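Please read the following report alongside the sequence and the model.

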Amino acid sequence: MRGPFAGLDAADLRDLGRLGTRRVYAPGEALMIEGEPGDRVAVLLTGCVKVVAATEDGGEALLAVRLPGELLGELAVLDGEPRSASVLAVRTSTTREIAGPAFLNYLADRPAAALAVQRSVSRKLRSATRYRVDAGHGTGLARLARTLHSLIHSYGTPTEDGLRIDVPLSHADLAALARLSPASVERSLRTLRAQGAVRTSYRELVVRDRTLLSKAAGLPLPTDLATDPPSDANGGAGR
């Protein structure tokens, strides 16, 4: 189990599972809407959701993706402010939804759970700050490479070919995350494929060489290369 509750003991997990109700959301359906009161949290049980916020020009900025085990909507419940972003189902998703007061009571009675949520919120805020810095400067190639580096850190699944980003992201989604145009994302992916850093297919992206990706991102080279396959002499440009 990923997310803030991964390290809780059986009793705390059992009591959490008794709270709230299960809900199922269809792809594209909103779990939470920006600006509404924070009256509940949701634990994502199955599926995948994305966190988005409205932009000044009427568009939509993709802020993050969340996978099963992760907690949604906790910040608004904790600080009592309206929701700062919307949460939309990317594919059919099941949640356990817990009313705000019940969730706060649960945390008050269980220090380990409260500390886990506090650390989770801190990680998300740090990640958001790092994302604003990384996505705000550099070439299109560097910005996309930093975005992919962040995604494999959070959602990378080892395969024989490298680290697969286990989130169904389109080029438009990647463009929103990296704050680039779709055309710039396609050019940058073409370069990374030619270098042998990544392999792409429909809604799938595998990082084949973290060293090459780190160089493109302008980041320190990884010290643990156990999951990286040898670079392909031909660049590994297959799609």
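## Arg40 and its charged partners

Arg40 is buried in this predicted model, its relative accessible area being 17%, which falls under the 20% limit that defines the class. Its side chain meets that of Glu36 in a salt bridge, with a nitrogen-to-oxygen distance of 4.0 Å. Glu36, at 22% relative accessibility, counts as partly exposed, so the two partners fall on either side of the 20% cut-off.

A further salt bridge joins the side chains of Asp39 and Arg83, at 3.8 Å from N to O. Asp39 belongs to the loop between strand S2 (30–32) and S3, whereas Arg83 belongs to the loop between helix H2 (74–79) and S6, and the pair therefore ties together parts of the chain that are 44 residues apart in sequence. Glu36, Asp39, Arg40 and Arg83, together with Glu97, are linked in a network of salt bridges.

## Strand S3 and its pairings

Strand S3 (residues 40–54) is largely enclosed by the rest of the structure, because 11 of its 15 residues are buried. S3 runs antiparallel to strand S6 (residues 86–99), and 11 bridges join the two; within this pairing, Cys48 stands opposite Arg91 of S6. With strand S5 (residues 71–72), S3 also pairs in the antiparallel sense, here over two bridges, and Ala42 stands opposite Leu72 of S5.

The pairing of S3 with strand S4 (residues 60–66) is likewise antiparallel and extends over six bridges, with Glu60 in S4 as the bridge partner of Ala54. These two strands form a hairpin with five residues between them, and Gly58 in the turn has a positive phi of about 90°. As a general point, side chains in a regular strand alternate between the two faces of the sheet.

Two packed helices are described by the angle between their axes and the distance between the axes. For helix H5 (residues 140–155) and helix H7 (residues 182–195), the angle is about 75° and the axes are 9 Å apart. H5 is therefore roughly perpendicular to H7. On the H5 side, Gly140, Leu141, Leu144 and Leu148 take part in the contact, and they meet Ser184, Val185, Ser188, Leu189, Thr191 and Leu192 of H7.

Arg179 lies in the loop between helix H6 (171–178) and H7. This residue has a positive phi of about 60° although it is not a glycine, and with a relative accessible area of 43% it is partly exposed.

## The chain as a whole

The protein has eight helices and 10 strands. Of its 239 residues, 45% are buried, and the accessible surface comes to about 12,000 Å², of which 53% belongs to carbon and sulfur atoms. Among contacts with a separation of 6 or more, residues 24 or more positions apart account for 69%.

Key. Residues are numbered from 1 along each chain as its sequence is written. This is a predicted model: local features need pLDDT of at least 70, side-chain atom pairs count only at pLDDT 80 or more; totals for chains, interfaces and linings use all residues. Side-chain values use heavy atoms; hydrogens and water are left out. Buried means under 20% relative accessible area, exposed over 50%, partly exposed in between (1.4 Å probe, protein chains only). Helices (H or I, at least four residues) and strands (E, at least two) are DSSP runs, numbered from the N terminus. Two strands pair if DSSP finds at least two bridges between them. Contact means heavy atoms within 4.5 Å. Accessible areas come from the Shrake-Rupley method with a 1.4 Å probe; for residues, only the protein chains shown count as cover. Axes are lines fitted to C-alpha atoms, for helices over the stretch in contact, and angles run from 0 to 180 degrees between N-to-C directions. Angles under 35 degrees count as roughly parallel, over 145 as roughly antiparallel, 65 to 115 as roughly perpendicular and the rest as oblique.
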